[in-house]
Amino acid sequence: MSRDRILLRSAISSLMAIVCLIVFASEASFARELEKPGEGILLAAFGSSIPEARSAYGKIEAAYRKAFPGSPVEWAYTSGIIRKKLQKEGIDAKSVSEALDALAKQGVAVVRAQSLHILGGAEYVKFVQELATWQAKNPDRLKAILLAGPLLESRADGQMVAKAVAGALPRGNDEALVLMGHGNSKGRAGLAFEGMRAMFRENGVRVFLASVEGEQSFEELLAELSKAGVKRLWLAPFMLVAGDHARNDMAGEEEDSWASRLKSKGYDISVRLAGLGELRDIQQIFIEHTRKAGDEMAIVKP
Ligand code: CO
């Protein structure tokens, strides 16, 4: 081998070594960045034991990963019953404190804690209490938890939700949309629902909203429908996902489901089993709440 070729070979191998070092170094610094991200996101929903319902969570998560690239995302289910059920099936289902632990372990300093509940009812209050309890027990693990409120917080939220829902569920002139919300028998949910009903009326789009466990009863809904005189109805949940209530209490075959009772009154029923969380516009409202988190309501390290 000539001296020149040997020199060329060693030059090439040194060059390769340098390239390798650069690639390695940049990968290492990228890994460091991922190891120590500034902020993490906690998404908290009631939870569902129905796999098709949980697929909506996947769509929400995808929207979040796009909106907050590089930020770790952890889920928490606020329902203990659902968590137990899922864990028995071998499905990862964290509580709020477990999700906070997981984010702290990933080295984030700040957690944006997003309630994916529809409004500030019982589940939301429980969520806030769990955040505060964790922070009090773990005073040095995070710099701050920034609380991001549920879907319906302001009039602007209500107007956007009314538009998103009415736009996503097109109906003929002789059709109306009947939404099943959850509601609470006690607390502020009833007033938020009343506000939401006003927004739908303002839009003039023949959308009726009642609740399965709240103040806006099915009987009231029947009275409203007969007054409106419309006979063809679309039924859909006004909940994050189409879970147990939507599949059974709303659309179920049993004779006490909303679908069966409306049919027995002579209504022509179609069902849409998709939660609000599947709508892009609804995802965007949550993402905006997450972005704005901390403007007023931060659970900051004491
Ligand atoms: Co319920």
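Guide: Two strands are taken to pair if DSSP finds at least two bridges between them. The model discussed here is predicted.

Visitor: Which residue in β3 stands opposite L43?

Guide: Strand β1 covers residues 39–45, and strand β3 covers residues 110–115. These two strands pair in the parallel sense over 6 bridges. Within this pairing, the residue of β3 opposite L43 is Q114.

Visitor: How many bridges join β1 to β2?

Guide: Strand β2 spans residues 73–77 and runs parallel to β1. A45 stands opposite Y77 in β2. From β1 the chain passes through helix α2 (residues 51–67) to β2, a β-α-β crossover that is right-handed. The number of bridges joining β1 to β2 is 5.

Visitor: How many of the 7 residues of β1 are buried?

Guide: A residue counts as buried under 20% relative accessible area. By this criterion strand β1 is mostly covered, and its number of buried residues is 6.

Visitor: Which residues coordinate the cobalt ion?

Guide: The donor residues follow the sequence spacing H-x30-E-x31-H. H182 lies in the loop between β5 (175–181) and α7 (189–203), whereas H245 lies in helix α9 (residues 244–250), 63 residues apart, and the pair thus links distant parts of the chain. At 2.1 to 2.4 Å, the coordinating residues are H182 (NE2), E213 (OE) and H245 (NE2).

Visitor: Is H182 buried, partly exposed or exposed?

Guide: The relative accessible area of H182 is 26%. Buried requires under 20% and exposed requires over 50%. Because 26% lies in between, H182 is partly exposed.

Note on methods. Residues numbered from 1 in each chain as written. Predicted model: local features only at pLDDT ≥ 70, side-chain atom pairs only at ≥ 80, totals over all residues. Heavy atoms only, no water. Buried < 20%, exposed > 50% of the residue type's maximum accessible area, 1.4 Å probe, protein only. Helix = DSSP H or I, 4+ residues; strand = E, 2+ residues; numbered from the N terminus. Right-handed = clockwise from strand over helix to strand, strands pointing away. Donors = N, O, S within 2.8 Å, 3.2 Å for Na, K, Ca; no water.
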